[in-house]
Amino acid sequence: MRNLQQLVRENIWRLTPYSSARNEYSGHVAHVFLDANENPFNSPYNRYPDPLQQELKARLAKIKGVKEENIFLGNGSDEAIDLVYRCFCEPKKDNVVAIEPTYGMYSVCADINDVEYRRVLLNERFDMDSEAILDACDENTKVVWICSPNNPTGNDICREEITKVLTGFDGIVVLDEAYSDFSQQQTFRTCLAQYPNIIVLNTMSKAWGCAGIRLGMAFASKEIVDIFNKVKYPYNVNLLTQEKAIEIVSDLHKVHLWVNTILEERHRVIEAFALLPICEKIYPTASNFFLVKVTGAQEIYDYLVEEGIIVRNRTRVQLCENCLRITIGTRSENNELIGALRMYKKKDA
């Protein structure tokens with residue numbers, strides 16, 4: 001691996017970060033706060049939140065099996081994704097390599113940051129060829145993006161192929177494990193010491209049922225987390241988000257119940273889908289959704305919209321022609337979807 005200074009943009013490496021009022025007295029106990037020009041009324045919402053989310057990180061560290069110093073928290077995973085570009089990629093010079101198809105924000109953030117985005121197609125099983133990924137890299141490749149379980153395909157990417165990229169690439173490898181709570185595959189966040197070039201993304205939006213609070217996680221070496229903290233906005237995770245996250249991580253039993261219920265429903269819905277006349281192929285999934293090839297994705301999608309049922313039409317995505325992505329909902333929502341599709345008839349039928 002190239003050393004971190006070689007990977008980080010020169011201006012970011014030299015950057016003196018903004019010093020927030022709450023950082024300056026760190027390590028001391030205080031009860032009178034006259035430092036940040038805050039309104040003294042309407043406690044606790046009159047105060048700026050903890051810029052480093054220390055209480056929440058302490059709780060997450062125990063749950064996720066990592067050290068607090070290896071956790072970065074952001075405004076959704078999208079903040080961490082954007083920070084990867086802003087910290088490591090020089091605009092108009094550097095490039096990144098990613099599997100295709102995959103989560104669309106990797107390429108959107110590349111465009112926003114004016115960084116070349118190189119796509120490497122998955123095979124017919126939606127799996128990754130590590131040699132193809134490595135062949136697409138050159139001396140200006142700073143980052144490789146891998147999503148596992150992948151979106152929109154739903155499947156785990158072969159762990160052995162991911163390991164080959166981690167050991168064969170001398171830059172940063174970002175492994176997005178947003179859906180890992182639904183998968184049986186071992187997470188890579190427990191391998192940070194083994195792979196100092198890895199950044200593992202996770203989120204409160206999926207298994208934790210908290211998409212609305214916008215909290216994303218990145219697990220990486222302390223040195224990479226320090227770089228992220230240097231560049232992020234001072235109070236990037238608001239107080240309401242931190243409070244709700246602490247509440248939800250305090251009830252793991254409820255979250256495990258949600259995950260198990262979703263997995264049971266996923267099995268039931270897939271079995272029902274397989275019997276529908278519109279269904280041509282259901283792809284393997286390790287997520288809270290599945291990808292299905294149908295007889296006419298756009299027409300079926302439009303029909304479902306008219307019925308008030310929204311799924312994701314992925315037919316314009318490479319390798320996903322005539323495919324719909326179906327998220328697992330509640331039992332009643334899933335029944336409504338299956339019922340509507342049983343009533344569906346092609347317009348020319």
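1. Lys254 has a relative accessible area of 35% and is partly exposed (buried means under 20%, exposed over 50%, partly exposed in between, with a 1.4 Å probe and protein chains only). Asp251, at 30%, is also partly exposed. Lys254 and Asp251 form a salt bridge, with closest N and O atoms 3.9 Å apart (a side-chain nitrogen of Lys or Arg within 4 Å of a carboxyl oxygen of Asp or Glu). The count by this rule is 19 salt bridges.

2. This is a predicted model, in which local features need pLDDT of at least 70, side-chain atom pairs count only at pLDDT 80 or more, and totals for chains, interfaces and linings use all residues. Residues are numbered from 1 along each chain as its sequence is written, and side-chain values use heavy atoms, leaving out hydrogens and water.

3. Arg86 makes a salt bridge with Asp82, at 3.0 Å between the closest N and O atoms. Both residues lie in helix H5 (residues 76–88), four residues apart, about one turn of the helix (helices are DSSP runs of H or I, at least four residues; strands are runs of E, at least two; numbering starts from the N terminus). Arg86 is partly exposed, at 22% relative accessible area.

4. Which salt bridge does Asp138 form? The side chain of Asp138 meets that of Arg118, 2.9 Å from N to O. This pair links distant parts of the chain, 20 residues apart: Asp138 is in the loop between helix H7 (130–135) and strand S4 (141–147), and Arg118 is in strand S3 (residues 116–121). Asp138 is partly exposed, at 28% relative accessibility.
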